[in-house]
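Hi,

Here is the structure I promised to pass on to you.

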Amino acid sequence: MTTKKPTTQLSDLKLENFQHPDQFGNWLGYRLIRVDREAKCVEVELQIRKDHLSPAGRVHGGVVSAFFDYSFGAAVFTTLGPSDFCSTVELKVNYLRPIELGDRLVAKTQIVFRGKRLCVLHGFVYRNEEKDPVTMATATFHVGTAKK
């Protein structure tokens with residue numbers, strides 16, 4: 001059995017419906033570390049900056065939510081055909097520990113179920129290579145095929 005090497009580029013998946021530049025992602029600052037189409041999982045990193053912080057001086061929950069949303073979407077991409085598309089239906093995040101300025105986060109997300117139209121995922125975010133996660137989340141995505 002031949003195993004394909006995981007990639008770090010979503011463009012390698014050749015998805016026709018995802019060609020628009022990700023300006024929000026560029027601002028947020030996440031970076032894809034690993035895409036494994038066979039295992040249906042991804043790893044993404046984010047370095048926490050000052051503009052990610054809430055007025056309380058900890059990372060804003062919306063930053064973590066957006067980080068998960070991108071990471072989950074990238075995992076769904078591993079199952080899409082060239083003309084397929086996906087969108088978030090539901091996202092639930094549990095914030096387990098505070099995240100601080102300068103922390104390096106790694107999201108590890110994976111598909112739990114992939115049906116014809118729905119995809120269910122779970123994931124964890126780890127801080128500074130710690131063993132225990134600082135957040136966890138689940139998500140449901142709608143999957144479809146664009147009509148030509």
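The protein has two helices and six strands, where helices (H or I, at least four residues) and strands (E, at least two) are DSSP runs numbered from the N terminus. Along the sequence they follow the pattern α-β-β-α-β-β-β-β. This is a predicted model, so local features need pLDDT of at least 70 and side-chain atom pairs count only at pLDDT 80 or more, while totals for chains, interfaces and linings use all residues. Residues are numbered from 1 along each chain as its sequence is written, and side-chain values use heavy atoms, with hydrogens and water left out.

The six strands make an open antiparallel sheet, ordered E1-E2-E4-E5-E6-E3; two strands pair if DSSP finds at least two bridges between them. Strands E1 (31–36) and E3 (84–95) each have a single partner strand, so one side of each is left without a neighbour in the sheet. On average, neighbouring strands are turned by 20° against each other, direction ignored (axes are lines fitted to C-alpha atoms, for helices over the stretch in contact, and angles run from 0 to 180 degrees between N-to-C directions).

Strand E2 (residues 41–47) is joined to E4 (residues 104–114) by seven bridges, and cysteine 41 has glutamine 110 in E4 as its bridge partner. Helix H2 (residues 61–77) packs on the sheet and touches E1, E2, E3, E4, E5 (118–127) and E6 (133–145), contact meaning heavy atoms within 4.5 Å. The direction of H2 makes about 140° with that of E3.

Finally, 42% of the 148 residues count as buried, that is, under 20% relative accessible area with a 1.4 Å probe, protein chains only.

Best wishes

Methods
Buried means under 20% relative accessible area, exposed over 50%, partly exposed in between (1.4 Å probe, protein chains only).
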